[in-house]
Amino acid sequence: MQMFKRIADIFNSHVNSALDKLEDPAKMISLMITELEDTQTKARSSMAANWPSPMVVRTWPAKPCLRKSMPPSKSSVSRSNLPT
């Protein structure tokens, strides 16, 4: 079995070497840049679709809503317990 593994490793190394010789680095970089620009365009259009419109006017209620005053809470912390 070890012999078949070694033959497979040699075959894979030759195939990878042949593929490396066929690839043109400039073309690969150009392709990567094109893919990144496409991704950027999609991200910007997605963000623009989810962003609120600048023409949307948000109005506030005519009368401000006041919170009901709450009774003072009884806490276990007193001024005597605070560090000085």
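The chain contains two helices and zero strands, where helices (H or I, at least four residues) and strands (E, at least two) are DSSP runs numbered from the N terminus. The model is predicted: local features require pLDDT of at least 70 and side-chain atom pairs count only at pLDDT 80 or more, whereas totals for chains, interfaces and linings use all residues. Residues are numbered from 1 along each chain as its sequence is written, and side-chain values use heavy atoms, with hydrogens and water left out.

Helix H2 (residues 25-50) comprises 26 residues and spans 38 Å from its first C-alpha to its last, close to the 38 Å expected at 1.5 Å a residue; the expected span is 1.5 Å times one less than the number of residues. Buried denotes under 20% relative accessible area, exposed over 50%, and partly exposed the range in between (1.4 Å probe, protein chains only). Of the 84 residues of the chain, 0% count as buried.

One salt bridge is present in the structure, defined as a side-chain nitrogen of Lys or Arg within 4 Å of a carboxyl oxygen of Asp or Glu. It links aspartate 9 to lysine 5, with the closest N and O atoms 3.3 Å apart. Both residues lie in helix H1, four residues apart, about one turn of the helix. Aspartate 9 is partly exposed, at 42% relative accessible area, and lysine 5 is partly exposed at 47% relative accessibility.

Methionine 1 is located in the segment before helix H1 (2-22) and counts as exposed because its relative accessibility is 82%.
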